Amino acid sequence: MAFCNEKNTDTAADRCDGTGESHAHAETVKSVKAEMPDEDVLADVAELFKVFGDSTRTKILAALSVSECCVACISAVLNMSVSAVSHQLRILRSSKLVKTRREGKEIYYSLDDGHVGRIYATALEHVKEL
């Protein structure tokens, strides 16, 4: 992996002035551009982080990272109304962060897959480091 600050010289020609591919780190710019996801994928990633950006939804994900729960249990844990929790669960489901399982009349919610748990755990670990 190349880094933009690899060259450490004092000549003006070697300084990174950010003028594009003609600057001293043209190879770094070229390799980074080649590895960048396309705009649609980056927009989807931004939307995913918007969903994670709501504290109520993050609390629901935190609860579901511990255990599968029904709406009533999540409501009790978060001290929120069933209606408010249901609204947020719909958003989490439509974003494919949460899935459901029916048992009789009861619907149980859980994290959709291991990726969701890892994203949440990584974010939690990062915040605890600060």
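User: Before we look at the strands, what makes two strands count as a pair here?
Analyst: Two strands pair if DSSP finds at least two bridges between them. Please note that this is a predicted model.

User: How many bridges join strand 2 to strand 3, and which way do the two run?
Analyst: Strand 2 and strand 3 (residues 106-111) are joined by six bridges, and they run antiparallel.

User: Let me step back. How many helices and strands are in the chain?
Analyst: The chain has six helices and three strands. Read from the N terminus, the elements follow the pattern α-α-α-β-α-α-β-β-α.

User: Where does Ser 110 sit, and is it buried or exposed?
Analyst: Ser 110 lies in strand 3. Its relative accessible area is 15%, and buried means under 20%, so Ser 110 counts as buried.

User: Which residues is Ser 110 in contact with, leaving aside its neighbours in sequence?
Analyst: Beyond four places in sequence, Ser 110 is in contact with Leu 64, Glu 68, Leu 97, Val 98 and Lys 99.

User: Now the core. Which residues have the most contacts inside the largest nonpolar one?
Analyst: They are Ile 60, Leu 64, Ile 74, Leu 89 and Leu 92, in a core of 17 residues. Two or more residues of this core come from each of helix 2 (39-52), helix 3, helix 4 (71-78), helix 5 (82-94) and strand 3.

User: Take Leu 89. What does it touch?
Analyst: Not counting residues up to four places away in sequence, Leu 89 touches Ile 60, Val 71, Ile 74, Val 98 and Tyr 109.

User: And for the chain as a whole, what percentage of residues is buried?
Analyst: Of the 130 residues in the chain, 22% are buried. The chain exposes about 9200 Å², of which carbon and sulfur atoms supply 55%.

User: What about contacts between residues at least 24 apart in sequence?
Analyst: Among contacts between residues at least 6 apart in sequence, 44% join residues at least 24 apart.

Notes:
Residues are numbered from 1 along each chain as its sequence is written. This is a predicted model: local features need pLDDT of at least 70, side-chain atom pairs count only at pLDDT 80 or more; totals for chains, interfaces and linings use all residues. Side-chain values use heavy atoms; hydrogens and water are left out. Helices (H or I, at least four residues) and strands (E, at least two) are DSSP runs, numbered from the N terminus. Buried means under 20% relative accessible area, exposed over 50%, partly exposed in between (1.4 Å probe, protein chains only). Contact means heavy atoms within 4.5 Å. A nonpolar core is a set of buried Ala, Val, Leu, Ile, Met, Phe, Trp, Tyr and Cys residues joined through side-chain atoms within 4.5 Å. Accessible areas come from the Shrake-Rupley method with a 1.4 Å probe; for residues, only the protein chains shown count as cover.
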